[in-house]
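Subject: Two-chain model for your files

Hello,

Here is the model you will be working with.

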Amino acid sequence: MATTAAPAGGAQNGAGPEWGGFEENIQGGGSAVIDMENMDDTSGSSFEDMGELHQRLREEEVDADAAAAEEEDGEFLGMKGFKGQLSRQVADQMWQAGKRQASRAFSLYANIDILRPYFDVEPAQVRSRLLESMIPIKMVNFPQKIAGELYGPLMLVFTLVAILLHGMKTSDTIIREGTLMGTAIGTCFGYWLGVSSFIYFLAYLCNAQITMLQMLALLGYGLFGHCIVLFITYNIHLHALFYLFWLLVGGLSTMRMVAVLVSRTVGPTQRLLLCGTLAALHMLFLLYLHFAYHKVVEGILDTLEGPNIPPIQRVPRDIPAMLPAARLPTTMLNATAKAIAVTLQSH
Amino acid sequence: MAEAEESPGDPGTASPRPLMRDLKAVGKKFMHVLYPRKSNTLLRDWDLWGPLILCVTLALMLQRDSADSEKDGGPQFAEVFVIVWFGAVTITLNSKLLGGNISFFQSLCVLGYCILPLTVAMLICRLVLLAGPGPINFMVRLFVVIVMFAWSIVASTAFLADSQPPNRRALAVYPVFLFYFVISWMILTFTPQ
């Protein structure tokens with residue numbers, strides 16, 4: 001299509017240069033630019049084709065008009081005709097130039113190829129890195145290798161968001177200003193990006209050898225433990241179980257991150273500062289996630305007004321840790337199923 | 001390709017024929033999603049009308065009846081919209097970064113159209129909820145949502161799998177799984193006041 005259109009629009013009104021962008025893309029070969037124009041070979045939507053066709057027809061029309069207008073202007077309208085033709089040409093040239101600039105700027109900023117090397121992973125690698133994130137390594141004498149990839153951490157953050165949403169829904173958390181989804185995404189991404197940046201800043205102060213990408217990857221994989229703990233404890237509401245998992249699983253993933261950081265830092269004070277901060281933040285975050293989004297709804301309802309709150313929401317979600325063995329099976333029920341049982345009884 | 005005189009950009013013609021053609025195209029794609037086969041229809045002639053219709057329908061059905069809906073955390077209209085479209089954009093970026101050779105809008109089109117089974121599940125859930133709450137009610141809804149969730153994933157995988165390098169298919173399918181899981185969860189936990 002480019003070869004037939006170019007000579008048609010080439011000489012008359014500067015439509016040639018607009019296809020120059022097409023050639024740039026060809027040379028770029030295999031680049032993953034988000035292409036909003038008609039330059040993509042694989043998309044063949046009829047709407048795009050119609051748009052192209054229409055544009056070509058319009059160009060040809062304009063060419064024909066321009067040719068006819070020139071003749072007429074020359075014969076009947078004199079100077080006024082020429083001025084009109086000139087202004088049309090200038091406007092057209094400006095439009096073409098502006099369009100070229102915009103598309104170049106867009107392809108520069110929307111070029112996601114910058115991120116491509118960080119997503120170059122195989123499923124086996126992701127699996128092994130997930131398992132390794134739970135195994136602290138003893139050797140701290142030489143810097144341990146951190147894989148600088150973003151696929152695993154990003155997927156883990158999204159998984160945490162999904163698990164958090166599940167937990168908030170089953171405990172009927174009420175968010176007054178905002179939405180459940182917004183809160184979940186904000187919390188998880190805020191933690192990942194914010195704490196990574198903070199620890200990177202501390203690492204810069206303590207002269208640790210770690211880059212921002214490695215810190216993001218390390219903390220991201222550290223969220224694997226959080227995902228496991230929350231997934232289990234949002235469904236089985238036992239405080240003792242949660243504390244056990246918090247120490248065990250949370251502790252393991254924290255120790256792994258701490259060991260990696262210690263291996264990359266010199267000096268006892270610096271090691272203490274860096275690793276103490278990271279350990280505290282990581283463990284406290286897990287604690288926060290469990291208790292903030294899993295709280296007793298009755299306490300909230302006391303402060304809310306309104307008699308039209310349905311009884312389904314008055315079921316306590318928090319089960320005390322000490323329970324006689326006979327009542328243990330009932331506590332293992334999912335909160336939703338329990339609430340439904342209560343509703344059944346009340347009907 | 002379509003005839004030149006039916007150009008949709010032409011301001012003069014207000015005839016219903018382009019509309020019927022577009023509706024037929026959308027309907028054909030719905031059929032392809034309901035009976036997923038390895039075909040190129042969704043990819044070749046992508047359009048975003050189907051996803052828009054489905055998204056609006058789903059968002060409208062997820063609204064609650066009571067006026068004070070901001071107190072119980074149910075999804076707002078804009079929230080559903082944002083979840084669907086930003087989720088689809090994220091999955092598309094992810095699959096492009098993993099080395100897939102699919103266009104941006106083709107991927108959006110496929111993911112949007114594969115919400116159709118979940119929209120059907122929402123319809124069924126709303127009808128079932130008219131019968132009143134209860135454990136059987138919940139079981140029926142759970143079963144329907146799980147079946148439609150699986151259907152969505154199978155349909156989108158059938159269309160998207162070929163565009164990924166074969167050893168990375170699992171990496172590209174996992175975010176799709178999360179995406180439809182979130183939507184299914186919103187549908188399952190919907191209770192009208």
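**Chain B**

Chain B has 8 helices and 0 strands, where helices (H or I, at least four residues) and strands (E, at least two) are DSSP runs numbered from the N terminus. Read from the N terminus, its elements go α-α-α-α-α-α-α-α.

A note on conventions: this is a predicted model, in which local features need pLDDT of at least 70 and side-chain atom pairs count only at pLDDT 80 or more, while totals for chains, interfaces and linings use all residues. Residues are numbered from 1 along each chain as its sequence is written, chains are lettered from A and ligands numbered from 1 in the order in which they are written, and side-chain values use heavy atoms, with hydrogens and water left out.

Of the 193 residues in chain B, 52% are buried; buried means under 20% relative accessible area, exposed over 50%, and partly exposed in between, with a 1.4 Å probe and protein chains only. Contacts (heavy atoms within 4.5 Å) between residues at least 6 apart in sequence join residues at least 24 apart in 73% of cases in chain B. The accessible surface of chain B is about 8800 Å², with 72% of it supplied by carbon and sulfur atoms. Such areas come from the Shrake-Rupley method with a 1.4 Å probe, and for residues only the protein chains shown count as cover.

B:Thr57 sits in helix 3, residues 49-61. Its relative accessible area is 31%, so B:Thr57 counts as partly exposed. B:Met122 is 65 residues away from B:Thr57 along the chain, and their C-alpha atoms are 9.6 Å apart.

**Chain A**

Chain A has 13 helices and 0 strands. It contains 347 residues, and 41% of them count as buried. For contacts with a separation of 6 or more, residues 24 or more positions apart account for 75% in chain A. About 18700 Å² of chain A is accessible surface, and 66% of that belongs to carbon and sulfur atoms.

The unreviewed UniProt entry annotates "transmembrane region" over residues 150-168, 180-203, 215-234, 240-260 and 272-293 of chain A. UniProt positions are given in the numbering used here, feature names are shortened, and annotations may be inferred rather than shown by experiment. Two of these spans can be compared with the model. Residues 215-234 of chain A are 95% helix and 0% strand, with end C-alpha atoms 28 Å apart. Residues 272-293 of chain A are also 95% helix and 0% strand, and their end C-alpha atoms lie 31 Å apart.

Regards
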